[in-house]
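Okay, everyone, thanks for coming. I'd like to walk you through one protein model today, so let's get it up on the screen.

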Amino acid sequence: NVNHNHNVNHNHNHNQDSDKDKDKDKISPNNSTVNSARTNENRTTSQDSSADSSKNNSFKNIPSIPNENIENLVNYSQANSQATTPNSSFVTTSSISSVSPLMRRKNYSPSTFLIPKCRFQPQPQFHSLQNQSYQLNIDNDINTNNQILNKPDCANFEQVNQYLEQIMTENNLLKQRTIFQEKRIEELEQQVEISNWRLCNYESWPLKHNNNSNNKFAITSIAINEAQDLVATGSANKVILIYDIFSGECKRLLRSHKKDISCLASNKNVLVSGSLDETVRLWNFETGEVQGTLNGHEGAIFSVLTHDKFVLSGSGDRTIRIWDRTTNQALSTLQGHCGSVSCLAFTNSLQTVFSGSYDATIRIWDIETNKCLHTFEGHQSFVNSIAVSGNLIVSGSNDLNLKLWDIRTRICVRTLQRHSESITGLQLTSTNNVIVSSSEDGTIRLWSVPSGECIRVIRAQKDSKLPIYCLSMKNSLIIAGSKDGSARVWQFLI
């Protein structure tokens, strides 16, 4: 019985305990969730501890990087690009002592670096001016050898100034070197052209007349029509003859003036002639017909020029007239010379006209205002011929001298003396490096503009001093007219 009671009590107590547990479950139904939360918390703490340990281990494995130039840092970051993944936020700095080896951004601006913030990366430390720092500006830090210059201490202003002066000095040296090389190339080109003129061979042939009797009148003027390979010569017998340049045969004869032909000029298909009869005539180069006559001068015509729309004439009445080529009417008159106007020249834009006179002066005229801009004085006798190109004026005179004038400074920069008689004609080559002059001493001389040296001498006739009265030139062709009525052509094989 006792045993039975003890078992019954034990079972009764056990049942009571189980009932209590059920009651507890009924009272606190969230015990299982709490337990699960506790287990999850334990797991996260263990994971965090393991992550911290791995973080420390990975950060310890990253080697230290010395403070080197930018290229080494970028190369190093590319080599270790698999170490970390940058976060979306970045920190911008322009002056730092060291750059993190975990930098991943390649497209950085030239003046700053963008450094990614990683989860386990320490923040960069900013330097004060007392510490040595580097201004990361690649555009201004590369010298001529594509090397990065040594940076000065930002706190030391003297070093900064020296650094800037060094950069400016190197830039000035580069500019001076470039200018020197360009000038040297121009000098070499001039030497090549001058040496070509000095050493080149040439062919020479006379211009033949179509009549049986030889022309004994001096040829006073020459004009070339390069487009049609024709040349016109004016002489003292009041006649203009047109020749084929290369065959030398006379194509046609133009007769209209009442006195000697003194000057000729051509533009495209128009031929302009001036005469001692005080008139200017316009001709058709192909047909030989007279297209117009310009009257108004009170003296002999000594020089003419033609443009697309205008004609200029210089006369013994000491004036220069500008004519409209379509209406044959005088537009304006330039007055100022004290002697006959013997030669004319103008720029391509026809804004400025140059004139030489028997008063031994050369004048510059403004066509728009009809005023004289400047007068060049230096010759001792008549100015017979001038040539203008760019900023250079070349003049020839009866004083046996050639003078070179600078339009900008308005001074004579050089005087050439080799002719023994009056200078009658002048021409400049296309590059303005060679001057061609003719004289009554029977010679044609080629001059070097840079050195002033006479590089070649050509005689109209061998062993004679036949005076040359006129000269014309186109490219490598030189044509000269002589006192005996003959004209010769020289073609240089440059």
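So, the protein has five helices and 32 strands. Those are DSSP runs numbered from the N terminus, helices being H or I of at least four residues and strands being E of at least two. Before going further, this is a predicted model, where local features need pLDDT of at least 70, side-chain atom pairs count only at pLDDT 80 or more, and totals for chains, interfaces and linings use all residues. Residues are numbered from 1 along each chain as its sequence is written, and side-chain values use heavy atoms, with hydrogens and water left out.

Of the 494 residues, 41% count as buried. Buried means under 20% relative accessible area, exposed means over 50%, and partly exposed is in between, with a 1.4 Å probe and protein chains only. As for contacts, meaning heavy atoms within 4.5 Å, take the ones between residues at least 6 apart in sequence: 44% of them join residues at least 24 apart.

If you zoom in on β5 and β32, they pair in the antiparallel sense over six bridges, and Trp-205 stands opposite Val-489 in β32.

Another open sheet, also antiparallel, runs β18-β19-β20-β21. Its edge strands are β18 (341-346) and β21 (371-377), each pairing on one side only. Neighbouring strands in this sheet are turned by 20° against each other on average, direction ignored. Within it, β20, residues 361-366, pairs with β21 over six bridges in the antiparallel sense, and Thr-361 stands opposite Glu-377 in β21.

Okay, on to the inside. What's in the largest nonpolar core? By nonpolar core I mean a set of buried Ala, Val, Leu, Ile, Met, Phe, Trp, Tyr and Cys residues joined through side-chain atoms within 4.5 Å. The largest one has 17 residues, and among those with the most contacts inside it are Trp-197, Ile-444, Trp-490 and Phe-492. Several elements supply at least two residues each, including helix α5 (157-199), β28 (443-448) and β32 (487-493). The largest share, three residues, comes from β30.

One more inside residue, Ser-221, is in strand β6, residues 219-225. With a relative accessible area of 5%, Ser-221 is buried. Not counting residues up to four places away in sequence, Ser-221 touches Thr-233, Cys-263 and Cys-470, among others.

Speaking of cysteines, how many disulfides does the model have? Taking a disulfide as a pair of cysteine sulfur atoms within 2.5 Å, the count comes to zero. Cys-250 is buried at 13% relative accessible area, while Cys-412 is partly exposed at 32%.

Last topic, charges. In general, side chains of opposite charge can pair when their charged atoms come close. We call it a salt bridge when a side-chain nitrogen of Lys or Arg is within 4 Å of a carboxyl oxygen of Asp or Glu, and the count here is three. Asp-308 and Lys-268 meet in one, at 3.9 Å, N to O. Asp-308 is in the loop between β14 and β15 and Lys-268 is in the loop between β10 and β11, so this pair ties together parts that are 40 residues apart in sequence. Asp-308 is partly exposed at 41%, and Lys-268 is exposed at 63%.

Then there's Asp-277 with Arg-281, at 3.6 Å, and both of those are buried. Finally, Asp-406 bridges to Arg-408, the closest N and O atoms being 3.4 Å apart. There, Asp-406 is buried at 14% relative accessibility, whereas Arg-408 is exposed at 62%.

Conventions. Two strands pair if DSSP finds at least two bridges between them. Axes are lines fitted to C-alpha atoms, for helices over the stretch in contact, and angles run from 0 to 180 degrees between N-to-C directions.
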